[in-house]
Amino acid sequence: MSEKTLELKQEFLESLKNVNSMDELENIRIAYLGKKGSVTELLKEMKNLSNEEKKTFGQKVNELKNEVLDKISQKTEELKQKELEKEFSLMPEFDISIPADLKRGSYHPITLAQRQCENIFKSMGFVVADYSEVVSDYECFEALNIPKHHPARDMQDTYYLENGQLLKSHTSAAQNAIYKKYKDALINEGKPIKAIFPGRCFRNEATDANHENTFFQMEGIMVDKNISISNLIFFMKTMLSEVFQKDVKVRLRPGFFPFVEPGFELDINCLICGGEGCPSCKHSGWLELCPCGMIHPEVLKAGGIDPEEYTGFAFGLGLTRLVMMKYGVKDIRDLNSGSLKTLSQFTEDK
Ligand code: FA5
């Protein structure tokens, strides 16, 4: 009987050599292991053997069965591999030494400016935080010292969701969460809070050459003991001279924002018209770029920080407006237009 298993094994291995497709392999599997397959038939013959013979023969047939199964799965892998190789051989060859087609695409100028600002602030020890675009009324207004029904709410109208949440009208909406995240390290370990958080903002307002309903800001905060307006001015000046790589004229004037006290408007001399006056700067020669100020005690309190012990500054850079100045974009709406003709002009910083 053991000769029979040996013969069958030789026969199976021979027929396997000629298999070139999954269909042929399946036919062989059925021929040996199917209901009426040769190995299955051998197992059926066991009933005619003595108990002693059954033991040795059963072992041999089982070994044969396992070997057939192993060889079939090996062959399956081999055939799959061959099919893949065939597919690859039909694909066009890819030569990595061919220079890239530079016309293919480029980063959006807002992404370029955002990354540049992030690098500047990271080099001064600030962390870059991310925050959602959908926020609560508390985060966007109440935690920033703008109670419900207060007239200051009229300064920023936005888009509301049916569940009461809203699209953030300014990046200041992330302030409260950031204070809460880093306050323990400030209070227990004396680590100042230094963070920037760029993000997309939304406002329900008419658009013109320097107003969009969807635009980017980059907020920055620093909180520690003894932070003063001079710290604020230092960081603003450093950032602007790095971004523009030249001296730019700026002016600081008083500005009202319920979440800072005192508050300032930092304007930049219009780089499109050189201060002469044009539609981009509403013919004033100046463009509001970066309101800022010392964080209001109520805002620190809402973030779990004692305003008697700590002070800080905050700024809200208009990133989209900064891009207009940096790249000489006359109309802010071009930046959201999706026009490749406009956007592909900014590939040099890729
Ligand atoms: C604010 O949004 C305050 N959260 C900024 C702030 C932060 C003040 C921290 C004090 C401390 P404002 O609404 O002025 O302020 O917007 C800030 C900047 O965003 C503006 O100077 C401008 O550059 C830009 N900006 C505002 N509205 C638009 C708009 N519709 N389109 C394009 N840019 C805009």
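**Figure 1. Residue T5 in helix α1.** T5 lies in helix α1 of this predicted model. With a relative accessible area of 5%, T5 is buried, because the cut-off for a buried residue is under 20%. Leaving aside residues up to four places away in sequence, T5 touches L42, F57, K60, V61 and L64.

**Figure 2. Packing of helix α1 against helix α2.** Two packed helices are described by the angle between their axes and the distance between the axes. Helix α1 spans residues 2-17 and helix α2 spans residues 22-33; they pack at an angle of about 170°, and their axes are 11 Å apart. This angle makes α1 roughly antiparallel to α2, since angles over 145 degrees are classed in that way. On the α1 side, the residues in contact are L8, E11, F12, S15 and L16, and these meet L25, I28 and Y32 of α2. Sorted by class, the contact of α1 with α2 comprises six nonpolar residues, one polar residue and one charged residue.

**Figure 3. Packing of helix α5 against helix α10.** Helix α5 (residues 109-123) and helix α10 (residues 319-327) have axes 9 Å apart and pack at an angle of about 100°. The two helices are therefore roughly perpendicular, as angles from 65 to 115 degrees fall in that class. From α5, the contact draws on P109, I110, L112, A113, Q114, Q116 and C117, while α10 contributes L319, T320, L322, V323, K326 and Y327. Nine nonpolar, three polar and one charged residues make up the contact of α5 with α10.

**Figure 4. Surroundings of helix α10.** Helix α10 is mostly covered, with eight of its nine residues buried. The buried residues are L319, T320, R321, L322, V323, M324, M325 and Y327. Helices and strands both take part in the packing: the buried residues of α10 pack against α5, α8 (229-244), β5 (214-224), β7 (260-269), β8 (286-288) and β10 (311-318). The residue that follows α10 is G328, which has a positive phi, near 65°.

**Figure 5. The largest cavity.** Two cavities of 30 Å³ or more are found by a search of the whole structure. The largest cavity has a volume of about 40 Å³. Its lining consists of F141, I146, A152, M155, Q156, F257, P258 and F259. Seven of these lining residues are nonpolar and one is polar, and no charged residue is included.

**Figure 6. The second largest cavity.** The space in the second largest cavity amounts to about 30 Å³. Y131, K168, T171, A174, F197 and P198 form the lining of this cavity. By class, the lining of the second largest cavity has four nonpolar residues, one polar residue and one charged residue.

**Figure 7. Residue G274 in the loop between β7 and β8.** G274 is found in the loop that joins β7 and β8. Its relative accessibility of 54% places G274 among the exposed residues, because the cut-off for that class is over 50%. G274 and K249 are 25 residues apart in sequence, and their C-alpha atoms are 9.9 Å apart in space.

Terms used:
Residues numbered from 1 in each chain as written. Predicted model: local features only at pLDDT ≥ 70, side-chain atom pairs only at ≥ 80, totals over all residues. Heavy atoms only, no water. Axes fitted to C-alpha atoms, helices over the stretch in contact; angles between N-to-C directions. Helix = DSSP H or I, 4+ residues; strand = E, 2+ residues; numbered from the N terminus. Parallel < 35°, antiparallel > 145°, perpendicular 65-115°, else oblique. Contact = heavy atoms within 4.5 Å. Nonpolar A, V, L, I, M, F, W, Y, C, P; charged D, E, K, R; others polar. 1 Å grid on protein atoms, 1.4 Å probe; cavity = no way out; pocket = protein on both sides within 12 Å on 5 of 7 lines; lining within 4 Å. Points joined across faces, edges and corners; volume = space filled by probe spheres on them. Buried < 20%, exposed > 50% of the residue type's maximum accessible area, 1.4 Å probe, protein only.
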